[in-house]
Amino acid sequence: MLYLDNAATTSVRNEALEAMWPYLTGAFGNPSSPHEVGRLASAGLEDARTRVARIIGGRPTQVTFTSGGSEANNLAIKGACLANPRGRHLITTPIEHDSVLETAAYLERFHDFEITYLSPDHTGLISPEGLRKAVRPDTTLISIGYANNEVGTIQPIAELAAVSSTPFHTDAVQAAHLTFDLGVDALSLSGHKFGAPKGIGVLWSKLPLEPVIHGGGQEKGRRSGTENVAGAIAFATALELARAESYPDLGEFIEEVLTIPGAHLTGHPRMRIDGHASFLFDSIGSETVLLELERQGIVCSPGSACGSGEVSHVLLALGLEEDQARTAVRCTFSTTHSREDALVAASALKSAVALIRG
């Protein structure tokens, strides 16, 4: 099987499994416990925190371990907006992950926030000038994703963050291999996107945060609950490895797929995530293409796993009609894939579309 749905989740790296194993066995203690087993767990947790901070470029005290990207986004946005608001105005975009959009909707419903949604262009890019016009004296937070999980477009986050002094959060869940030198105030990551297990994520934040989960005050009071020590160790290990790897060049793959009549690449043609390519195929529902690809031993998806079965809100926000959006097929490669894998996938897509149309 050729697995091409790595934007949804990746397999767990052997190195991450090996690194976390001691914290599931000998050093399995609660890191808040004062005895030796607890101290071993606490030391492992703080080592993971230090390693993650070193990669992001901040202090260990600014790293909060969460259950994943969705919780990290909730904590970043709710936490910053409710902790010390300059007003009740939040700026984001309509192409964000559901965890950002639903958090914004929550603040609007229950805390009387006003939400400004910046319109992207047809490739998914947000204009710094458009952001500049939207910022107000009462803007509490700006939250714009670093790289889009559905169409692969990379935002010019450093340029956007420099527009104003307003606190800025970016969802970097799909961008673990990109630079973190962005000038932002908060950044979210999720381990299962780069080879750590599901159920572990990170929010790095310089901002005061009101906790979303209340309890015993773990994670410096920002996120209560017994920490997932083994997951944190695996996260740090996988992130270090992800930063040193490269994806296959998809230029040839994209060119081959675009020879299919009625095929269109979504997202920006150049400013896009490595290993990511999403296409539309005129008049062919994505489900039919995906079933034929799976019959040929290739697994990919129509887009976000979080929106399975629904029309993509990202593609609609880029100006596509609903029928067009239902034709999307997303192929996301891993660093273990080769040029030959990409060419096999291109050939399979061509034959799948030809068979369906024939």
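Which domains does the domain assignment give for the protein chain? There are two entries, and the bounds come from an automatic or database assignment:

| Domain | Residues |
|---|---|
| domain 1 | 14–244 |
| domain 2 | 247–357 |

A quick word on the ground rules: this is a predicted model, where local features need pLDDT of at least 70, side-chain atom pairs count only at pLDDT 80 or more, and totals for chains, interfaces and linings use all residues. Residues are numbered from 1 along each chain as its sequence is written, and side-chain values use heavy atoms, with hydrogens and water left out.

Now for how the domains meet. Taken over C-alpha atoms, the centres of domain 1 and domain 2 are 28 Å apart. Domain 1 brings 23 residues to the contact and domain 2 brings 21, with contact meaning heavy atoms within 4.5 Å. Together they bury about 1,900 Å², and carbon and sulfur atoms give 61% of that; buried area is the accessible area (1.4 Å probe) that two parts lose on being put together, summed over both. On the domain 1 side, E150, V151 and H177 supply 36% of the area buried against domain 2, more than any other three residues.

Elsewhere, look at F253 and F279. Their ring centres are 5.9 Å apart and their planes sit at 70°, so the pair is edge-to-face. Rings of Phe, Tyr and Trp (its six-membered ring) pair if their centres lie within 6.5 Å; planes under 30 degrees apart count as stacked, over 60 as edge-to-face and the rest as tilted.
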